[in-house]
Amino acid sequence: MELEILKPRHGLAHILAQAVQQTIDPLVALGTGPAIDNWFYYDMLLSEWVSIGEDQLKDLTKTMQGIVKQNQ
């Protein structure tokens, strides 16, 4: 895998983690999330009372877009 693609994928993993903490579960336990051949993944252990559905994914996407716009 080329370094050119690894950096943005790594950054997106962090943006995803931050958005999950802000939008879905502030107590989420974050694991590792390396880039893989076709994107990235991030191990997360959500609180037992949290479930993710379509509505949460829409909110998560909006939060991620806001984080990107802030250029953090």
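Helix 1 (3-23) and helix 2 (54-69) pack at an angle of about 120°, and their axes lie 9 Å apart. Helices here are DSSP runs of H or I with at least four residues, strands are E runs of at least two, and both are numbered from the N terminus. The axes are lines fitted to C-alpha atoms, for helices over the stretch in contact, and the angles run from 0 to 180 degrees between N-to-C directions. That angle makes helix 1 oblique to helix 2: under 35 degrees would be roughly parallel, over 145 roughly antiparallel, 65 to 115 roughly perpendicular, and the rest is oblique.

Who meets whom? On the helix 1 side you'll find Leu12, Ile15, Leu16, Gln18, Ala19, Val20, Gln22 and Thr23, and across from them in helix 2 sit Asp59, Leu60, Thr63, Met64, Ile67 and Val68. Sorted by class, this contact has nine nonpolar, four polar and one charged residues. Nonpolar covers Ala, Val, Leu, Ile, Met, Phe, Trp, Tyr, Cys and Pro, charged covers Asp, Glu, Lys and Arg, and the others, Gly among them, are polar. Contact, by the way, means heavy atoms within 4.5 Å.

## What you're looking at

This is a predicted model, where local features need pLDDT of at least 70 and side-chain atom pairs count only at pLDDT 80 or more, while totals for chains, interfaces and linings use all residues. Residues are numbered from 1 along each chain as its sequence is written, and side-chain values use heavy atoms, with hydrogens and water left out.

The chain holds two helices and four strands, and reading along the sequence gives the pattern α-β-β-β-β-α. Its C-alpha trace spans about 40 × 25 × 20 Å along the principal axes. Of the 72 residues, 26% count as buried (under 20% relative accessible area; exposed is over 50%, partly exposed is in between, using a 1.4 Å probe and protein chains only). Take the contacts between residues at least 6 apart in sequence: 60% of them join residues at least 24 apart.

In soluble globular proteins, nonpolar side chains tend to be buried together. Here, the largest nonpolar core has 14 residues, and the members that touch the most others are Leu16, Ala19, Val20, Ile24, Leu60 and Met64. Helix 1 and helix 2 each supply at least two residues of this core, and helix 1 gives the most, with six. A core of this kind is a set of buried Ala, Val, Leu, Ile, Met, Phe, Trp, Tyr and Cys residues joined through side-chain atoms within 4.5 Å.

Two of these members are worth a look. Leaving out residues up to four places away in sequence, Ala19 touches Ile24, Leu60, Thr63, Met64 and Ile67. Ile24 sits in the loop between helix 1 and strand 1 (29-30), and counts as buried because its relative accessibility is 14%. With neighbours within four places set aside, Ile24 is in contact with Ala19, Val50, Ile52, Gln56 and Leu60.

## Buried in a loop

Where is Ser47? Look in the loop between strand 4 (44-45) and helix 2. Ser47 counts as buried, since its relative accessibility is 10%. Beyond residues up to four places away, Ser47 touches Asp25 and Leu27. From Ser47 to Ile24 is 9.7 Å, C-alpha to C-alpha, although 23 residues separate them in sequence.

## Toward the outside

Gln18 belongs to helix 1 and, at 23% relative accessibility, counts as partly exposed. Apart from neighbours within four places, Gln18 is in contact with Ile67 and Gln72. Ile5 is also found in helix 1, and is partly exposed at 34% relative accessibility.

Is Thr32 buried or exposed? Its 52% relative accessibility makes Thr32 exposed. Thr32 lies in the loop between strand 1 and strand 2 (35-36), in contact with Tyr41, Tyr42 and Asp43 once neighbours within four places are set aside. Between the C-alpha atoms of Thr32 and Ala13 there are 9.3 Å, with the two residues 19 apart in sequence.
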